[in-house]
Amino acid sequence: MPDQPTMSDVSMLVNGETRKLRLDVRTTLLDALREHLHLTGTKKGCDHGQCGACTVIVAGRRINSCLTLAVMHEGDSVTTIEGLGTPENLHPMQAAFVKHDGYQCGYCTPGQICSAVAMLDEIKAGTPSHVSADLMAQPQLTAMELRERMSGNICRCAAYPNIIDAISEVAGRKT
Amino acid sequence: MKSFAYERAASPAEAVAAATRAEGAKFIAGGTNLLDLMKLEIEAPTHLIDVNGLAFDKIEATPDGGLRIGALVRNTDLAADERVRRDYPLLSRALLAGASGQLRNKATTAGNLLQRTRCPYFYDTNQPCNKRQPGSGCSAIGGFTRNHAILGTSDACIATHPSDMAVAMRALDATVETLRADGGTRSIPIAEFYRPPGDTPQIETMLMPGELITAVTLPEPVGGRQIYRKVRDRASYAFALVSVGAIVQSDGSGRVALGGVAHKPWRVEAADTALLRGAKAAAAQLLASATPTHQNAFKLPLIERTLSAVLSEARG
């Protein structure tokens with residue numbers, strides 16, 4: 001195999017818009033979003049799936065965009081932080097993070113918010129977690145459940161209590 | 001990351017044919033482990049065969065009352081499947097104890113079985129490692145071994161298999177179904193799926209080059225209390241120091257498998273028999289051939305205590 005890069009075309013629906021790209025097949029979804037589509041809201045933290053800063057929503061599910069190749073997402077619908085809300089029209093989760101001061105430096109925040117939005121859908125769908133006492137029951141919206149389900153998003157500033165307050169408010173749980 | 005050719009397989013036959021044609025080819029499904037290793041150039045496939053388009057994403061009942069889990073079923077979907085939660089709760093619990101929500105959304109059943117060790121010396125390309133570079137030596141032996149294997153090790157490798165799911169699959173007597181490059185299929189009991197490290201720790205399973213996992217099947221449900229207890233350095237999103245997967249029947253008989261202690265999920269027939277006599281007796285059977293270092297000898301009492309907690313919970 002020569003060291004020449006292999007190029008490939010890929011078309012994705014990014015934040016509701018069809019985007020066609022010609023990419024080196026090694027390009028991760030994260031790099032395609034940031035470097036090629038200039039959607040820099042999604043952040044590169046560890047680039048190894050350990051920190052969650054790169055979390056985006058693909059076909060309704062939160063994933064680490066650093067651990068998947070862009071070419072593996074032909075035809076997929078991708079939602080990034082830019083697709084959730086705008087400065088003038090914040091997504092409720094963004095507004096709750098502002099209200100509850102769910103960050104300090106803000107670097108992990110886009111990943112936290114994308115993760116939180118899709119995580120609440122997982123609870124609605126009845127997906128159990130490691131801390132769910134009863135696998136057969138609808139999961140509860142307790143702080144313990146939210147913490148466990150958000151463990152793939154690391155916050156170096158340790159804004160965790162405020163992040164949980166923000167998510168709890170959106171989830172409709174009294175804090 | 002090294003350059004590679006990329007293709008999407010349209011059929012299982014096409015996937016195995018492509019894998020046989022190109023030396024250095026690998027299948028990619030979830031990619032959460034493979035791409036991580038490719039970025040570090042620990043894995044450097046010349047050819048990636050994307051199998052995500054294959055119809056291996058269903059969980060179906062088998063004629064003998066079990067379940068056939070497609071190789072591409074995502075960890076999230078497997079853990080959440082109603083039949084799995086009800087009839088094989090050990091499997092749901094083990095899956096939910098592993099990784100993060102994001103990773104479980106991508107990671108597949110087959111990929112989980114095939115994930116590579118998290119031995120730090122395997123990851124550090126500046127260090128010798130027989131698994132990464134055969135014949136180069138093992139940096140873990142004589143190194144920092146707090147989380148290395150205590151069972152089934154060899155002079156060439158003391159790495160553990162990191163999967164939680166595989167521990168449940170072992171206790172549940174799962175079978176791995178494959179498609180070979182010549183078009184033949186075979187069923188490999190999970191008990192025989194992982195190879196001991198021996199002199200060739202780079203060869204981790206019984207799979208032949210180009211052989212593709214198509215499904216994992218579970219026999220009919222065995223009931224009992226099913227408990228997966230994982231002990232780790234933090235409460236979530238960490239690999240096991242040790243884990244215990246157990247199925248305990250009302251008469252006290254049952255099965256037990258361990259994670260975090262060997263190159264495979266560790267189960268010993270005599271330990272299953274000894275479960276009736278309690279945790280101490282069963283742990284003694286499980287750990288009879290243990291060869292711990294002074295840094296990981298803590299795993300022995302930790303296993304006995306974790307098993308004791310599991311048996312108390314099962315009785316309670």
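This is a predicted model: local features need pLDDT of at least 70, side-chain atom pairs count only at pLDDT 80 or more; totals for chains, interfaces and linings use all residues.

Residues are numbered from 1 along each chain as its sequence is written, chains are lettered from A and ligands numbered from 1 in the order in which they are written, and side-chain values use heavy atoms, with hydrogens and water left out.

A nonpolar core is a set of buried Ala, Val, Leu, Ile, Met, Phe, Trp, Tyr and Cys residues joined through side-chain atoms within 4.5 Å; buried means under 20% relative accessible area, exposed over 50%, and partly exposed in between (1.4 Å probe, protein chains only). The largest such core comprises 51 residues, and B:Leu78, B:Leu91, B:Leu113 and B:Met169 have the most contacts inside it. Its main contributor is helix α9 of chain B (residues 165-171), which gives six residues; helices (H or I, at least four residues) and strands (E, at least two) are DSSP runs, numbered from the N terminus. Apart from this core lies another, of 27 residues, including B:Ile150, B:Leu275, B:Ala283 and B:Ile303. Neighbours within four places in sequence aside, B:Leu91 is in contact (heavy atoms within 4.5 Å) with B:Ile69, B:Leu78, B:Val84, B:Met165, B:Ala168, B:Met169, B:Leu172 and B:Leu218.

Where the two chains meet, 42 residues of chain A are in contact with 43 residues of chain B. The chains bury about 3,500 Å² between them, 55% of it on carbon and sulfur atoms; buried area is the accessible area (1.4 Å probe) that two parts lose on being put together, summed over both. Two salt bridges are counted between chain A and chain B, a salt bridge being a side-chain nitrogen of Lys or Arg within 4 Å of a carboxyl oxygen of Asp or Glu. B:Asp77 forms a salt bridge with A:Arg61, with 2.5 Å between the closest N and O atoms. On the side of chain A that touches chain B, β4 (61-64) and α4 (109-124) of chain A each supply at least two residues, and β4(A) gives the most, with four residues.

Finally, A:Thr40 is found in the loop between α1 (29-36) and β3 (55-58) of chain A. A:Thr40 is partly exposed, with a relative accessible area of 40%. Leaving aside neighbours within four places in sequence, A:Thr40 is in contact with A:Arg34 and A:Glu82. A:Thr80 lies 40 residues from A:Thr40 in sequence and 9.5 Å from A:Thr40 in space, C-alpha to C-alpha.
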